[in-house]
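Q: I would like a close look at one part of this model, followed by an account of its surroundings. Please keep the description plain.

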Amino acid sequence: MKIDAETKLEIKKFLQEKIEEEKRKVIVRSAYPLTKEEMELIFTLLPFLTKNDLATVVDRTLIAGVIIHYGSKVLDLSVKGRLVNLKGDLYEAY
Amino acid sequence: MRLIDQYLKEIEKKIAKAPKTPKVEEIGEVVESKDGVVLLSGLDNVGYGEIIELEDKTPAFVIDMTEETVGAVILGDFEKITAGSKAKATGRQLEIPVSEGVLGRIINPLGDPLDGKAPYREKKSYPLEKVAPGVVYRTSVNKPIQTGIKAIDALIPIGRGQRELIIGDRGTGKTTLVTDTIINQKKEDVICVYCAIGQKNSKVALIIDLLKRNHAVDFTVVLSASASDPVSLQYLAPYAACAIGEYFLDQGKDVLVAYDDLSKHAWAYRQISLILRRPAGREAYPGDIFYLHSRLLERACKLDEKRGGGSLTALPIVETLEGDVSAYIPTNIISITDGQIILESDLFNAGMRPAINIGLSVSRVGSAAQTTAMKQVAAELKLDLAQYRELAAFSQFESELDEETKKLLNRGAKVTQVLKQAKNSPYSVAEEVAVIWAATGGYLDTLSLEKVEVFEKKLIELLRTSKKSLADRINKNKLLEKKDEEELKRLITQHIKL
């Protein structure tokens with residue numbers, strides 16, 4: 001099947017845009033729904049978040065704090081993460 | 001109670017040291033897992049050769065980056081990796097911890113101990129992949145590595161900083177050559193690294209036992225990635241051994257690294273490349289199989305005085321099939337190294353051990369890396385052997401030949417007999433020089449062939465006991481003076497009556 005060259009280009013551009021969108025998507029996971037003031041605090045500390053589309057997820061297992069996913073990067077500011085690291089350190093020590 | 005207090009103190013120390021600021025992590029997810037290689041999505045900002053950590057702290061290193069996936073080779077057990085498990089980038093390149101504590105240890109290519117003792121203290125981390133020192137940093141090879149084997153030190157001398165390939169069929173004595181060389185470095189100031197790639201665990205255990213019995217463990221590191229270890233570790237083993245050698249090289253020391261053997265290393269790399277679906281070339285090896293070995297062996301060098309003056313000598317071993325030195329991997333490595341020692345099973349079976357084919361073996365550094373004493377006696381030796389080789393076909397007609405030819409054949413046979421040596425019995429410089437001097441001086445011509453061994457034993461015994469002063473003098477000066485020659489002559493004619 002022969003695809004028109006222009007159509008191919010359009011499809012490629014569309015795919016690229018979708019991939020870029022995925023990269024810019026930001027997910028904020030918190031242990032309980034965050035209030036407006038708390039969200040403002042996060043935005044002042046991490047300015048690049050405001051420009052992108054935001055999604056919030058509630059995850060009780062985090063105990064407290066937030067985990068921020070943007071693109072393929074993760075910023076773990078939750079208590080659960082600290083506890084997991086502590087567990088790792090304890091096992092390593094002995 | 002005290003033990004628990006101790007534990008708690010350690011844990012407190014550990015927690016106090018832990019970093020308190022959260023950092024951004026690069027995360028990926030396993031999409032496919034096949035035979036030691038995982039494909040991951042995510043991990044947008046990893047570099048080639050970077051280490052990533054899978055869920056149970058298993059390390060993997062990035063070897064493939066395509067538009068949508070990242071391919072990584074797992075440095076450990078891959079059976080427990082499931083699709084969907086998370087991976088984290090560490091930002092570090094492949095490296096091995098090094099310090100003086102690594103001497104005498106048996107480790108794997110990641111630095112983990114295999115001898116049951118605690119991990120050695122880390123002083124620095126040396127990268128496994130490194131660009132070899134450039135032309136400006138090097139100087140010419142001028143000091144010898146004494147292997148303690150007469151045939152090699154006289155005819156195919158190896159210098160510090162040279163690469164000498166040891167090639168032969170299975171069971172011809174390649175590993176024995178290397179272990180004998182390591183044992184002989186006891187009195188020299190050379191650090192030895194023995195790298196076992198894809199070997200049988202039983203063989204490595206035997207080698208370690210041999211080194212222990214000969215008190216060679218204190219200056220040797222054994223790095224092993226055996227046949228049952230993951231293929232990724234077998235691929236990394238030679239580079240890890242070279243990295244350890246480079247740690248001591250940078251301190252100005254002389255290092256000897258033996259890679260046993262590079263054929264199995266090439267197989268391991270071929271397995272990884274085929275799993276990664278890279279195009280297969282000749283004998284199914286990938287296109288960069290030459291670069292695999294050339295970048296490893298180029299790191300052997302003799303550094304300039306300004307950079308410390310250290311040296312790293314490489315002894316790669318290659319196993320051939322049916323004596324075919326013109327196969328793919330052997331020819332690759334022959335073109336990289338500065339010479340080869342070719343061992344033949346015909347010679348081995350005929351009783352010539354070490355089974356070195358003098359005619360085909362060569363050392364491109366040659367006499368530039370020989371002590372003066374050895375140079376003095378080796379010239380005669382080469383001549384005698386060359387003439388013997390030429391006339392060897394006539395040795396069947398012994399009774400019908402003229403006197404001259406008979407004399408040459410006799411001398412050649414004695415000299416060849418003298419080049420035989422038992423395994424794990426290295427000779428000092430003085431002992432080698434004395435034995436060869438006696439052979440080329442004609443003192444063996446009147447003996448029968450069986451008595452030559454007895455003569456040699458007696459001479460060595462005398463040099464190690466009553467005539468130790470002569471041996472020490474030759475060893476110290478590395479020179480055979482007139483008075484040494486006369487003393488040797490007296491020693492032979494008066495003390496050895498055969």
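Is B:Glu246 buried, partly exposed or exposed, and what is its relative accessibility?

A: This is a predicted model, and what follows rests on values computed from it. B:Glu246 is buried, because its relative accessibility is 1% and the cut-off for a buried residue is under 20%. The residue belongs to helix 5 of chain B, which covers residues 231–249.

The side chain of B:Glu246 forms a salt bridge with that of B:Lys130, at 3.9 Å from N to O. B:Lys130 sits in the loop between strand 9 (124–127) and strand 10 (144–145) of chain B. The two residues are 116 positions apart, and the pair links distant parts of the chain. B:Lys130 is partly exposed, with a relative accessibility of 33%, whereas B:Glu246 is buried at 1%.

A second salt bridge in chain B joins the side chains of B:Arg163 and B:Glu298, at 3.2 Å from N to O. B:Arg163 is in the loop between strand 11 (158–159) and strand 12 (165–168), and B:Glu298 is in the loop between helix 7 (289–297) and strand 16 (311–319), so this pair ties together parts of chain B that are 135 residues apart in sequence. Here B:Arg163 is buried, at a relative accessible area of 8%, and B:Glu298 is partly exposed at 33%. The pair also belongs to a network: salt bridges with shared partners join B:Arg138, B:Arg163, B:Glu298 and B:Asp338.

B:Glu32 is partly exposed at 37% relative accessibility. B:Lys34 is partly exposed as well, with a relative accessible area of 29%. Over all chains, the structure holds 30 salt bridges.

Chain B as a whole gives the setting for these pairs. Its 498 residues include 52% that are buried. It has 15 helices and 18 strands, and its C-alpha trace spans about 85 × 60 × 45 Å along the principal axes. Of the contacts in chain B with a separation of 6 or more, 73% are between residues 24 or more positions apart. The chain exposes about 23300 Å², of which carbon and sulfur atoms supply 52%.

B:Gln340 lies in strand 17, residues 339–343, and is buried at 10% relative accessibility. Neighbours within four places in sequence aside, B:Gln340 has contacts with B:Ile156, B:Glu164, B:Leu165, B:Ile334, B:Leu360, B:Ser361, B:Val362 and B:Arg364. B:Lys200, by contrast, is exposed, with a relative accessibility of 57%. B:Lys200 is in the loop between strand 13 (190–197) and helix 4 (201–213) of chain B. Its C-alpha atom is 9.5 Å from that of B:Ala225, a residue 25 positions away along the chain.

Helix packing can be described for one pair in chain B. Helix 10 (residues 372–391) and helix 11 (residues 403–418) of chain B pack at about 115 degrees, and their axes are 8 Å apart. The crossing of helix 10 and helix 11 of chain B is left-handed. From helix 10 of chain B, the residues in contact are B:Leu381, B:Asp384, B:Leu385, B:Gln387, B:Tyr388 and B:Leu391. They meet B:Thr405, B:Leu408, B:Leu409, B:Arg411, B:Gly412, B:Ala413, B:Val415 and B:Thr416 of helix 11 of chain B. By class, this contact comprises eight nonpolar, four polar and two charged residues.

A:Ile67 is in strand 3 of chain A, residues 66–70, and is buried with a relative accessible area of 9%. Apart from neighbours within four places in sequence, A:Ile67 is in contact with A:Ile27, A:Val28, A:Arg29, A:Leu62, A:Val74, A:Leu75, A:Asp76 and A:Ser78. A:Ile67 and A:Ile42 are 25 residues apart in sequence, and their C-alpha atoms are 11 Å apart.

Terms used:
Residues are numbered from 1 along each chain as its sequence is written. Chains are lettered from A and ligands numbered from 1 in the order in which they are written. This is a predicted model: local features need pLDDT of at least 70, side-chain atom pairs count only at pLDDT 80 or more; totals for chains, interfaces and linings use all residues. Side-chain values use heavy atoms; hydrogens and water are left out. Axes are lines fitted to C-alpha atoms, for helices over the stretch in contact, and angles run from 0 to 180 degrees between N-to-C directions. Helices (H or I, at least four residues) and strands (E, at least two) are DSSP runs, numbered from the N terminus. A crossing is left-handed if the near helix is turned anticlockwise from the far one by less than a right angle, and right-handed if clockwise. Contact means heavy atoms within 4.5 Å. Ala, Val, Leu, Ile, Met, Phe, Trp, Tyr, Cys and Pro count as nonpolar, Asp, Glu, Lys and Arg as charged, and the others, Gly among them, as polar. Buried means under 20% relative accessible area, exposed over 50%, partly exposed in between (1.4 Å probe, protein chains only). Accessible areas come from the Shrake-Rupley method with a 1.4 Å probe; for residues, only the protein chains shown count as cover. A salt bridge is a side-chain nitrogen of Lys or Arg within 4 Å of a carboxyl oxygen of Asp or Glu.
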